[in-house]
Amino acid sequence: MEAGPTWEPEAWGSSGGWPAPRGARAGPSLSSVLNELPSAATLRYRGPGVLPWGASGEEEEDGESNVQAMAEAAQKELGEPIPSRELPWPMQARRTHRQSHARDKVAQGSGSRVAQWALWLRRSKEKTQERLHTLQPWAWTLKRIGGQFGAGTESYFSLLRFLLLLNVLASVLKACMTLLPTWLEGTPPGPPGPDTSSPCGFYNPDPQGLVTFPTHLFSLLSGVGFLEWSPLFYGFYPPRQHLAVTYLCSVFVIGLLHLVLILHRSVSGLKQTLLAESGVLTSYSHRVFSAWDFGLRGDVHVRLRHRIILYELQVELEEAVVRRQAAVRTLSQQAKVWSVRVLLNLLVIALLGAAFYGVYWATGATVKLQETPLVQQMPLVKLGVDYLPSIFISGVNFLLPPVFKLIAPLEGYTRSRQIVFILLRTVFLRLASLLVLLFSLWNQITCGGNAEAEECKTCGYKYKELPCWETRLGQEMYKLLIFDLLTGLAVMLLIQFPRKLLCGLCPGPLGRTVGTQEFQVPDEVLGLIYAQTVVWVGSFFCPLLPMLNTVKFLLLFYFKKFTLFSTCSPASRTFRAATVNFFFPLVLLLGLTISAVPVLYSIFLIPPSKLCGPFRGQSSIWAKIPESISSLPRITQNFLFFLGTQAFAVPLLLISSILMVYTLVLANSYGRLISELKRQIEMEVVGGGPASG
């Protein structure tokens, strides 16, 4: 659901967008006469894709109307271009239309080949943007979800689609920069033999003897056995010059690309959030007089738009009640509210502390239990011990968010603010739990950061227990991804569907109380962000993890969609879409930042394993980059090393600071100007205008 109208200049060009009214032509037809009627001016309110009077077109009930075909039909009947001021379009669209036609006239009149090419490129860009917009997957599905279940539920599926795009891009880059170089330089060597030894011990991931089917199944779930020496994990890749560089560069390229895309999504959501919070688009007059789309075609679209406006009004009314109650509180009531908030936040901190200690204990207990003979003799028990940290993290993430949901209404905030606090606490729980797990693993790998310890002194890491520590980290992230998928399927099959069946078998208040389910947007969204953060952390140690996550998110979309329409009812209390459209990418950006810390620490500070991986034999993983730069020409070397010096960093920092200060000052001046104009409008209204003065 769109939170408000957003004008895109590209949508108003000559190659698409709203159909222009037809000018006078030789031999007036019925359609040209009808276009002279005053009602033709209502095209500006009907939305893109509405045909003028007299144009043919059948109504589509399934919601997939071909906007582009209708626009082209209108453009074919377009005669001589009329002045932009006579077009029934908004002012910004007229300005864009006037500039576009001015450029076209200049290009056509100049006769220059460069101008003709510029005109052709611009029109090609407009057509490409239109086609890319029509290729968005599941657009009609998201519209149905927004109309039937509200903006919050639609924002979850929109975020899921965005994350699926990120994982597809990461999978393509990993395949091109990691898998292809591995086989282009020759077949990768096999695993080291049991007799291969070095000062850092030996490493033998290849299982010996006959392997039974249950062992294969347990290996598939835990990432050991036949999967440990496969393209799935870091240790498989051989120490080749070009492969090592592309392997490391793929991590930075994917991280930078994801950062740019998330920032772009956050900025677009920020515009809607600022407008929504300012009250410009949330007034009741806007909802009543300007929210309807006169270009809707079909009863399905009309019903969906009815529900969307209903949800918007419901959100505004709920939040207005809370704001009125907060405005009339006395000083004693304010003190009581803040006392309750402080006590509830202390309770939240205590719960989070207990959860983090439990994750740390589970990680340490896993290593001790794996060494016991009883666990090693029983494959099923060993699988449970391997998954102990994942089970504990999933259990904490399953139990504490409902507690946060019970606490939030007691604090006296609006519904949108409650959603924000629930999200903040839940994301802190999930991401901090992941950080605690990584800290526990770091403590095991580096002997608690003590390089002089007896077990780490020889190789810089605990080589006896972890001969290939990168693969071990990749296995932990792999198990978190698999267990998260299995947990989601188990919740759907064992909790949600039985509750729906119980609702049908037990009519009356009991069935409605037990069987009624709502789609919990905060929990579901934080589950997506947690899963994506796991992939960002593990993609360096498990290169094929983005591909697995792509399949997981694709399955998750259809499972959640089926669950939503078959077992869930519309939310009794909704929240504003603009807020979550900005907040969700912001939390996703936080997850990307947190995931960068352990990856960069591993690249720069922890010595790589001596017996596996493309960086074996190096003092650090990053040391391969300066070694590769040294083989380049002298001029290129000097330029690249200059980029890492203070002579480049200090001026760049100064220029960035000046631009940031200029932007802030400009924004403040615009804000003061807008506030002054608002005060003048209020004074005119109160004073009765110039005529009464």
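**Cysteines and their links**

Tutor: Let's start with C249, which is partly exposed because its relative accessible area is 29%; partly exposed lies between buried (under 20% relative accessible area) and exposed (over 50%), with a 1.4 Å probe and protein chains only. This is a predicted model, where local features need pLDDT of at least 70 and side-chain atom pairs count only at pLDDT 80 or more, while totals for chains, interfaces and linings use all residues. Residues are numbered from 1 along each chain as its sequence is written, and side-chain values use heavy atoms, leaving out hydrogens and water.

Student: Is C542 buried or exposed?

Tutor: C542 is buried, as its relative accessible area is 0%.

Student: How many disulfides does a search of the whole structure find?

Tutor: A disulfide is a covalent bond between the sulfur atoms of two cysteines. Here the cut-off is a pair of cysteine sulfur atoms within 2.5 Å, and the search of the whole structure finds two. One joins C447 to C456, with 1.8 Å from S to S, and both of these cysteines are buried. The torsion about their S-S bond is about 80 degrees, so this disulfide is right-handed.

Student: Which cysteine is joined to C468?

Tutor: C612, at an S to S distance of 1.9 Å. C468 lies in the loop between α15 (415-445) and α16 (469-505), and C612 in the loop between α20 (577-604) and α21 (624-629), so the pair ties together parts 144 residues apart in sequence. Helices are DSSP runs (H or I, at least four residues), numbered from the N terminus. Both C468 and C612 are buried.

Notes. Helices (H or I, at least four residues) and strands (E, at least two) are DSSP runs, numbered from the N terminus.
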